[in-house]
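New notebook page. I'm opening this structure for the first time and jotting down what I look up.

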Amino acid sequence: MIKTTMEEAKKRLPLNKLARRLGVAAEIPDRDGQCVRCFWPNRHPNGDRNPSFNFHAGLTRYRCFACGVQGDGPDLVGQWLGLDAKEAAQRFLQMAGGDDLPLACSRPTLRELLMPRDLWMGGDTEWKALGALRRLDPMAISLAAAHGVLRFGTVKGFPCWIVTDESRRLAEARRMDGRPFPATDRLGERKAHTLAGSDKSWPVGLLPAHPRPHNLPRIALAEGGPDLLAAFHFCLHLDVYDTLPVALLGRNCHRLHPGALAHFQGRRVRIFPHADADGGGLKAATRWKDELYTAGALRVETFDFRGLYCRSGQTVNDLNDCADLRHEDQCELEELLS
Ligand SMILES: [Zn+2]
């Protein structure tokens, strides 16, 4: 286990990176002394039109000359997520990748995840566009963004939506125009592009920008980025408030991250594997189920999409397809997260 002191953590997670991960939508300075508009514009009568906010002390402290707000990394986490000082310090250490998270160093050479420079949480335009693209409620899309598991940015030159979480162990991008990424020398054409440095054994969403994700007694374990968003959609539409949506990015994950397994202890899990024609999705779910039981999960169930149909007459393959379920099958939705 890596023991990280607070000072090391502050150096490892400077404020510009931290602010991007927290989804601060304002301009974020990348050097000391660069003034931008205050992160809290409503503390200013004029919305801080004359920028008075900056970072100093090697990007480890912030201050606003106009409204007087100031602090360090843990303070920013506390103010942004509404945590008390102790919780904020713990969360900050977690986000910096040390201390509380056992086996943070399970891979001997942990490569830093390479995120786009223009990463942000999006706004109404992006949420509506993505909702239309995936046939999901834009409200659910904005909820995922607020949880820090959905971000937007430019990847390979294309505007993209990106699933990730506060662990910063993985991120996967898909194009906003719904088209695949073109083939390169090394990679073929692909619908989703996994960002360099990703570890796909981590279920994305397990560490959201939510003050107390561990208090939610149930986990919906989906497969792939679109299904992660669909899980948010159904939690919202079925009035389910006790469930944390997470997703494994692909059925080829053979062993879950040891640090992730600890989060499943004592919780109820429902897996939503893809109904692939070759049965690979269900097979993967069986493996994950065994692992989760061994890790101490209270109950693990698998939802089977077989036999359900979309309005188009196509069979339902995944959770996202359920957003377009034919009338006769609508009653099945009640069972989805029950
Ligand atoms: Zn201010």
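This is a predicted model: local features need pLDDT of at least 70, side-chain atom pairs count only at pLDDT 80 or more; totals for chains, interfaces and linings use all residues.

**Overall look**

I began with burial: 54% of the 338 residues of the chain count as buried (under 20% relative accessible area with a 1.4 Å probe, protein chains only). Residues are numbered from 1 along each chain as its sequence is written, and side-chain values use heavy atoms, with hydrogens and water left out.

Next I looked up size. A compact globule of 338 residues would have a radius of gyration near 20 Å, and the chain agrees because it has 20 Å (taken over C-alpha atoms; the rule is 2.2 Å times the number of residues to the power 0.38).

I also found 10 helices and 11 strands (DSSP runs, H or I of at least four residues for helices, E of at least two for strands, numbered from the N terminus).

**Strand β6**

Then I picked β6, residues 171–175: five of its five residues are buried, so the rest of the structure largely encloses it. A171, A173 and R175 point one way, E172 and R174 the other.

Who are its neighbours? β5 (residues 158–164) runs antiparallel to β6 and is joined to it by five bridges (strands pair if DSSP finds at least two bridges between them). Opposite A173 I see I162. Six residues lie between these two strands in their hairpin, where R168 takes a positive phi near 50°.

β7 (residues 192–194) is also antiparallel to β6, with three bridges. There, A192 is the bridge partner of R174.

Definitions and conventions
Buried means under 20% relative accessible area, exposed over 50%, partly exposed in between (1.4 Å probe, protein chains only).
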